[in-house]
Amino acid sequence: MKKFFAVLSLIIVSAFSGNAQKKQTKVVKPPYQTVVIENSPALQTLLKKAVGDTLNSYATKGVKVDEVAATLVDLRNPDNLTWANYRGDAKIYPASVVKMFYLVAVQQWLQDGKLTDSPELRRTMRDMIVDSSNDATQSIVDILSGVGSGRELPEKELKVWGYKRNVVNRYFESLEYQNINVCQKTFCEDAYGIERQFRGQDGINRNKLNTNATAQLLTEIVLGKAVTADRAKQMLELMSRNWQGTSTDNDDQAHGFTGIALNDFGVKDAKLWSKAGWTSSTRHDAAYVELPDGGKFVLVIFTENHSAERNLIPSIARIVLQELVKIK
């Protein structure tokens, strides 16, 4: 009889566990609508000049036209958003910029009651965005998907595991985000076990983002459209950067990317919010800037194969700063 009740208890626990996991990985389209952004010929001319002039100045260093991608969004009139892009649909390994997508997902899970808020969860989110901690990001991905790292799995089990891990992709697909892949952890060194297995041969299933999708998400956060206005505000607080002054860290998110252009441009009262990403081969920044004259824009720049070129991103940003005031 004891054995019977023990088996029955196990069945009940398993059932509840299975239901919890299904709830964790089920995606219901969020109630908010993604922002509508119209193409702007004037912005397109501006961005083409900014990227073109920068590529010309870096030609002797071997920077090629297909190693840079950028998207610019003008937010001066939130009721009439306009944008332009240079290779904005190109799928590129995003490095730590992907953490912004995971941050939005956590806030959506909290809003939906899939997660319980706690000081530890807040600490993990903060470290993922403020310090760009890969360890914190790995924990967040586990929390979002309900599955963690471990040994390699047989094909059938891997399929079940992979479905759960792809929950963030399904969330953004429900919002009609295209040409992105946001399902992998970020690492200081490399992935092992099932993480390497899930990444696929030659990294075929690596994270991929494009500058258009990244700029759209950042725009939705800025405008309070991502999840809720209050949650968007919380996300922006984590991305706030004090760009003034200097830093000895070339990869400091406040001073090593778009912040360089603000410093060079001498706009003391400008404000910066951003999420940067860098590896041995990539250097990216997703930035939102507010200028004292009322200028507001999102600028996302991805660069490949020239991560040591610290001024490549600021060079594009400087020209945008100079030229945007000319567009009414």
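Reader: Is helix H9 (residues 211-222) enclosed or exposed, and how many of its residues are buried?
Author: Twelve of the twelve residues of H9 are buried, so this helix is largely enclosed by the rest of the structure. Buried means under 20% relative accessible area, exposed over 50%, and partly exposed in between, with a 1.4 Å probe and protein chains only. Helices (H or I, at least four residues) and strands (E, at least two) are DSSP runs, numbered from the N terminus.

Reader: What kind of model is this?
Author: This is a predicted model, in which local features need pLDDT of at least 70 and side-chain atom pairs count only at pLDDT 80 or more, while totals for chains, interfaces and linings use all residues. Residues are numbered from 1 along each chain as its sequence is written, and side-chain values use heavy atoms, with hydrogens and water left out.

Reader: Which residues of H9 are buried?
Author: Among them are Thr211, Asn212, Gln216, Leu217, Glu220 and Ile221.

Reader: What is the span of H9 from its first C-alpha to its last?
Author: H9 reaches 16 Å, close to the 16 Å expected at 1.5 Å a residue; the expected span is 1.5 Å times one less than the number of residues.

Reader: What is found at the start of H9, and what follows the helix?
Author: At the start, a side-chain oxygen of Asn210 comes to within 3.2 Å of the backbone nitrogen of Asn212. Gly224, with a positive phi near 75°, follows H9.

Reader: Turning to the largest nonpolar core, how many residues has it?
Author: That core has 58 residues, and those with the most contacts inside it are Phe101, Tyr102, Phe172, Val182 and Ile221. A nonpolar core is a set of buried Ala, Val, Leu, Ile, Met, Phe, Trp, Tyr and Cys residues joined through side-chain atoms within 4.5 Å. Helix H3 (residues 98-112) gives the most to this core, with ten residues.

Reader: What does Phe172 touch, leaving aside neighbours within four places in sequence?
Author: Phe172 is in contact (heavy atoms within 4.5 Å) with Phe101, Val104, Tyr177, Ile180, Val182 and Leu217.

Reader: How many disulfides are there?
Author: The search of the whole structure finds zero disulfides, a disulfide being a pair of cysteine sulfur atoms within 2.5 Å. For Cys183, the nearest cysteine sulfur is that of Cys188, 19 Å away.

Reader: Are those two cysteines buried or exposed?
Author: Cys183 is buried, with a relative accessible area of 1%, whereas Cys188 is exposed, at 69%.

Definitions and conventions. A polar contact is a pair of N or O atoms within 3.5 Å; within protein, one must be able to donate a hydrogen and the other to accept it, and residues adjacent in sequence count only if both atoms are side-chain atoms.
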